[in-house]
Amino acid sequence: MHRKTTQRIARVALALCLVTASAACSNIEPWVKPYERDRLADPIMFLDHDPVSTSYMYHVFESREGARGAEGVVGGGCGCN
Amino acid sequence: MRNRLLIIIGLIATLWTATAEAAVLPDERTDLLYHRYEGDNITIEGPSVLIRKNVGKSVSVSANYYVDMITSASIDVVTTASPYEEERKQGSIGVDYLRGGTMMSFGLTRSTESDFEAETWSLAVSQNLFGDLTTVTIAYSLGDDVVGMSTDETFARDVARQAYGIGISQIFTKNLIMGFNFEAITDEGFLRNPYRSVRYLNDDGTTYSYQSERYPNTRTSSAASISGRYYLPYRAAINGQVRGFSDTWGITSMTYELGYTHPWRDFTFSTRVRYYTQDQADFYSDLFPRFDFQNFLARDKELSTFTSTTFRAAVAWDIGTDGFGPFSKARLTAFWDHILFDYENFSDLRVEGVLPGEEPNFTFEADVIQLLFSVWY
């Protein structure tokens with residue numbers, strides 16, 4: 001079941017790539033203008049506000065769980081036994 | 001595999017046909033982090049320091065030094081080995097080069113501990129498109145590890161690792177930004193922990209013995225995630241993420257996250273719930289029926305069937321939004337994460353007086369504390 005969900009998520013990512021590519025061919029105008037992005041520029045909207053903390057938490061989870069990847073770059077080593 | 005190929009084709013099409021836009025270098029800042037993990041009789045703590053500075057208008061350099069000081073008497077070492085203390089140090093350097101709407105990033109990470117060394121080179125290219133509404137990133141990393149053993153100085157085994165990642169960050173509306181990520185990772189070499197053992201039932205049916213784990217020499221995994229962050233009608237944000245994972249060892253998992261961020265005066269409060277569920281590797285068993293039962297043998301609880309649930313509370317205090325000494329601003333942040341691990345087929349062998357296989361399943365709780373001080377300049 002999980003495998004099917006992973007494939008589903010991958011397909012959505014693919015669909016977005018193709019939509020983006022075809023949009024480029026039609027010379028699309030940005031639908032959110034630069035002057036309309038004040039909310040997106042607010043620090044509470046940053047996807048990764050504190051990279052040093054984020055990579056630490058990736059390390060905490062990756063050391064104790066089987067899954068890895070699609071979240072960020074984690075350094076080598078373990079320290080988890 | 002077919003999905004990966006199609007996605008790569010889609011991305012190449014995107015990069016070839018789209019118009020490049022301006023991008024910006026990351027913020028110049030220094031972060032001082034103290035981290036502490038405590039759970040299952042393991043304490044891991046230490047500092048992490050990250051410094052990032054621009055060189056001219058097009059280059060940003062960064063350096064990170066990270067330490068784990070480990071004291072362990074976990075269920076693994078209590079049941080099959082001896083408690084130990086260990087220190088792991090990791091250093092990283094990175095360079096980002098900005099040219100128009102393209103950011104090229106290069107990184108090198110090295111870590112050492114008494115019985116493990118790791119080195120990872122990474123390269124990533126990001127491209128802003130469509131008036132900066134879209135950012136596409138392609139990443140590759142190459143790692144070489146050397147696995148040792150504290151009980152045998154001559155023991156050294158290699159692991160080679162490659163990771164291929166693609167990601168899209170997309171602004172959908174004035175209030176919504178989303179991210180899509182896919183990453184494939186391949187490992188080759190000595191992939192198990194040299195200290196760990198599996199247990200098997202003795203012929204008498206009432207006792208068990210141990211033998212070393214045996215893992216395949218290769219592993220390939222795929223992970224895909226969708227994440228989003230939405231600005232609420234008042235000044236606050238909700239964020240969420242779903243990630244799916246599968247690998248050639250038969251492990252499948254899903255991760256779900258939901259968070260909320262709420263600023264108030266000079267403070268920003270945030271909370272998050274993360275739920276992780278995993279199905280076991282094909283060659284995992286809590287108790288094998290006999291010695292050498294099959295080619296590959298594992299009783300590593302990270303390969304078992306389990307769930308983990310994490311609750312987070314965090315508060316950030318903007319100390320000097322109009323300047324802090326020589327710095328443009330400063331921020332102090334405290335994070336607390338409480339994690340519940342609930343194993344479905346990993347027994348607590350500290351429980352005695354029951355037949356093999358009838359021990360209760362293992363569970364434990366962990367607390368992760370982080371104190372972060374950041375300055376911008």
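The model is predicted, so local features are kept only at pLDDT of at least 70 and side-chain atom pairs only at pLDDT 80 or more, while totals for chains, interfaces and linings use all residues. Residues are numbered from 1 along each chain as its sequence is written, chains are lettered from A in the order in which they are written, and side-chain values use heavy atoms, with hydrogens and water left out.

**Chain A at a glance**

- Chain A has 2 helices and 0 strands; helices (H or I, at least four residues) and strands (E, at least two) are DSSP runs, numbered from the N terminus.
- Of its 81 residues, 54% count as buried; buried means under 20% relative accessible area, exposed means over 50%, and partly exposed is in between (1.4 Å probe, protein chains only).
- Chain A exposes about 3,900 Å², with carbon and sulfur atoms supplying 59% of that (Shrake-Rupley method with a 1.4 Å probe; for residues, only the protein chains shown count as cover).

**Aromatic rings**

- Over all chains, there are 25 aromatic pairs. Rings of Phe, Tyr and Trp (its six-membered ring) pair if their centres lie within 6.5 Å; planes under 30 degrees apart are stacked, over 60 edge-to-face, and the rest tilted.
- B:Phe155 and B:Phe190 make an edge-to-face pair, because their ring centres are 5.4 Å apart and their planes sit at 75°. This pair links distant parts of the chain, 35 residues apart: B:Phe155 is in strand 8 of chain B, and B:Phe190 is in the loop between strand 9 and strand 10.
- B:Phe155 is buried at 13% relative accessibility, and B:Phe190 is buried at 16%.
- B:Tyr200 and B:Phe291 also pair edge-to-face, with centres 5.4 Å apart and planes at 70°. Here the partners are 91 residues apart, B:Tyr200 in strand 10 of chain B and B:Phe291 in the loop between strand 15 and strand 16.
- B:Tyr200 is buried at 14%, whereas B:Phe291 is partly exposed at 44%.
- One aromatic cluster takes in seven residues of chain B, including B:Tyr276, B:Phe306 and B:Phe341.

**Charges over rings**

- The charged end of B:Arg274 sits over the ring of A:Phe61, 3.6 Å from its centre; the rule is NZ of Lys or CZ of Arg within 6 Å of the ring centre and within 35 degrees of the ring normal.
- B:Arg219 does likewise over the ring of B:Trp249, 4.9 Å from its centre.

**Salt bridges**

- The structure holds 31 salt bridges over all chains, each a side-chain nitrogen of Lys or Arg within 4 Å of a carboxyl oxygen of Asp or Glu.
- B:Arg235 and A:Asp42 form one of them, with the closest N and O atoms 2.6 Å apart. That pair crosses between chains, from the loop between strand 12 and strand 13 of chain B to the loop between helix 1 and helix 2 of chain A.
- B:Arg235 is partly exposed at 42%, but A:Asp42 is buried at 10%.
- B:Asp286 and B:Arg299 meet in a salt bridge at 2.9 Å, N to O. Both lie in the loop between strand 15 and strand 16 of chain B, so the pair ties together parts 13 residues apart in sequence.
- B:Asp286 is buried at 12%, and B:Arg299 is buried at 6%.
- B:Arg350 and B:Asp348 are bridged at 2.9 Å, N to O; B:Arg350 is partly exposed at 40%, and B:Asp348 is buried at 12%.
- Shared partners join A:Glu65, B:Glu257, B:Arg272, B:Arg274, B:Arg312 and B:Asp337 into one salt-bridge network.
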